[in-house]
Amino acid sequence: MKKYLSLAAILLAVLLTSCQTAKVTKVPVTFQFVRLDSDKLDTDFKLGNAMPSGVQVLKVTSSVHIFVETKLQLDDSEISKVELLQDQMSNYLVQIQFNESGAEKLSELTGNNVGRRLAVIVDGKLVIAPMITGRIIGGKVIIFYSESEKVANHFYRQLAVETETH
């Protein structure tokens, strides 16, 4: 029994030392809905037509754009913590923890908008725009995944002002 407790203590220590946390963000982070009429907007955009009010165009590549609502659903004022984590397969993850009001908003907007895409925008650039598949409870979301520690750490550092190992 003592042997297993020691092993558990070692595993816990490894987990805790592999986690970096940031309490504050330094670049704007917003969560905005992708427009339902994106295909039509894409055609209009390529033809040079004006975009309707309430639409923000984000460049993904030189020929690919995504169209989001300008209304912010969540922003960085509702983020309490950003973490760089490593999963069991040695992949790197960036996780955002929302404060109480942000977690409530996230739960409500994901529960009421299953099937819609929610864009995560960092410093005006699209990071990811996943489809909402169900209500998110608890206020934690993984917004970035990479097999490369260097890539994940770069993204994490964009979000993090002060990091601390815990």
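These notebook entries record what I looked up in the structure.

**Entry 1. Overall view**

I note at the outset that the model is predicted. I counted the elements of the chain and found four helices and 11 strands. Of the 166 residues, 37% count as buried. I then turned to contacts with a separation of 6 or more, and found that residues 24 or more positions apart account for 65% of them. For the surface, I recorded that the chain exposes about 10,000 Å², of which carbon and sulfur atoms supply 56%.

**Entry 2. The nonpolar cores**

I next looked up the largest nonpolar core, which holds 26 residues. Within this core, F31, V94, I96, F98, I143 and L159 touch the most other members. I asked which elements each supply at least two residues of the core. They are the strands β2 (29-33), β6 (79-86), β7 (92-98), β8 (118-122) and β10 (140-146), together with the helices α3 (100-112) and α4. Apart from this core I found another, of seven residues, including V34, L58, I66 and A129. As background, I recall that nonpolar side chains tend to be buried together in soluble globular proteins.

I then followed F31 through its contacts. Setting aside residues up to four places away in sequence, F31 touches L72, Q73, L74, I96, F98, L118, A119 and V120.

**Entry 3. Helix α4**

I examined helix α4, which spans residues 149-159, and found A152, F155, Y156 and L159 buried. Why do these buried residues line one face of the helix? Seen down the axis of α4, they fall within an arc of 100°, so they share one face. On the other side of α4, I found K150 and H154 exposed. The general rule is that an α-helix has 3.6 residues a turn, so residues three or four places apart point the same way.

**Entry 4. Q95**

I looked up Q95 and placed this residue in strand β7. Is Q95 buried or exposed? Its relative accessibility is 11%, so Q95 counts as buried, the cut-off being under 20%. Apart from its neighbours within four places in sequence, Q95 is in contact with K81, V82, E83, L85, K140, V141 and I142.

**Entry 5. Salt bridges**

R35 pairs with D37, and the closest N and O atoms are 2.9 Å apart. D37 is partly exposed, with a relative accessible area of 27%.

D42 and K46 form another salt bridge, at 3.1 Å from N to O. Because D42 and K46 are four residues apart in helix α2 (residues 38-46), about one helical turn separates them. I found K46 exposed, with a relative accessible area of 57%.

K105 forms a salt bridge with E78, with 2.4 Å between the closest N and O atoms. This pair links distant parts of the chain: K105 lies in helix α3 and E78 in the loop between β5 (74-75) and β6, 27 residues apart. I compared the two partners for accessibility. K105 is partly exposed, with a relative accessible area of 39%, whereas E78 is buried, with a relative accessible area of 6%.

How values were computed:
Residues are numbered from 1 along each chain as its sequence is written. This is a predicted model: local features need pLDDT of at least 70, side-chain atom pairs count only at pLDDT 80 or more; totals for chains, interfaces and linings use all residues. Side-chain values use heavy atoms; hydrogens and water are left out. Buried means under 20% relative accessible area, exposed over 50%, partly exposed in between (1.4 Å probe, protein chains only). The arc is that of the directions from the helix axis to the C-beta atoms. A nonpolar core is a set of buried Ala, Val, Leu, Ile, Met, Phe, Trp, Tyr and Cys residues joined through side-chain atoms within 4.5 Å. Contact means heavy atoms within 4.5 Å. A salt bridge is a side-chain nitrogen of Lys or Arg within 4 Å of a carboxyl oxygen of Asp or Glu. Accessible areas come from the Shrake-Rupley method with a 1.4 Å probe; for residues, only the protein chains shown count as cover.
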